[in-house]
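Here are my notes on the model you sent. Please keep the sequence and the 3D view open as you read.

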Amino acid sequence: MAYQLYRNTALGNSLQVILLQFDKAINSALAQRVRNRVNFRSFLNMYRFCDNLWTFILNDVEFREVTKFIKVDEAKIVDCDDKITGSNTTE
């Protein structure tokens with residue numbers, strides 16, 4: 001796991017702190033400001049779970065909002081666990 005080599009350096013630690021603050025700010029802003037709901041329907045082409053990260057590849061995706069409809073051939077959804085494991089940071 002080459003990406004873990006830099007994480008114990010000063011730069012790596014600083015980047016982790018900045019990204020954690022960014023994630024908290026984005027989640028807070030989305031929770032407070034976004035009120036629309038979007039539904040989607042599709043065919044699941046592939047999924048995988050690796051390093052607490054889910055990846056879904058969808059085909060023929062239809063996104064529906066109250067007044068809008070969007071259809072795309074393929075979409076990728078990436079979802080990560082909100083718990084930080086193996087990290088040196090504490091909350």
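1. Start with strand E2 (residues 53-64) and strand E3 (residues 69-80). They pair in the antiparallel sense over eleven bridges. Two strands count as paired if DSSP finds at least two bridges between them. Helices (H or I, at least four residues) and strands (E, at least two) are DSSP runs, numbered from the N terminus.

2. A word on the source. This is a predicted model, where local features need pLDDT of at least 70, side-chain atom pairs count only at pLDDT 80 or more, and totals for chains, interfaces and linings use all residues. Residues are numbered from 1 along each chain as its sequence is written, and side-chain values use heavy atoms, with hydrogens and water left out.

3. Now look at the pairing residue by residue. Asn-59 has Glu-74 in E3 as its bridge partner. Phe-56 stands opposite Ile-77 in E3. E2 and E3 form a hairpin, and four residues lie between them.

4. What is the order of the strands in the open sheet? The order is E1-E2-E3, and the pairing is antiparallel. Strand E1 (39-50) and E3 are the edge strands, since each pairs on one side only. From one strand to the next, the twist averages 15 degrees. Such angles run from 0 to 180 degrees between N-to-C directions, with axes as lines fitted to C-alpha atoms. In general, strands of a sheet pair through backbone hydrogen bonds, either parallel or antiparallel.

5. Step back to the whole chain. It has one helix and three strands. Along the sequence the pattern reads α-β-β-β. Of its 91 residues, 8% count as buried. Buried means under 20% relative accessible area, exposed over 50%, and partly exposed in between (1.4 Å probe, protein chains only).

6. Phe-22 sits in helix H1 (residues 10-33). Why does Phe-22 count as partly exposed? Because its relative accessibility is 49%.

7. Finally, check the annotation. An unreviewed UniProt entry gives residues 44-81 the label "domain: Transcription initiation factor IIA gamma subunit C-terminal". UniProt annotations may be inferred rather than shown by experiment. In the model, residues 44-81 are 0% helix and 82% strand. The end C-alpha atoms of this stretch are 21 Å apart.
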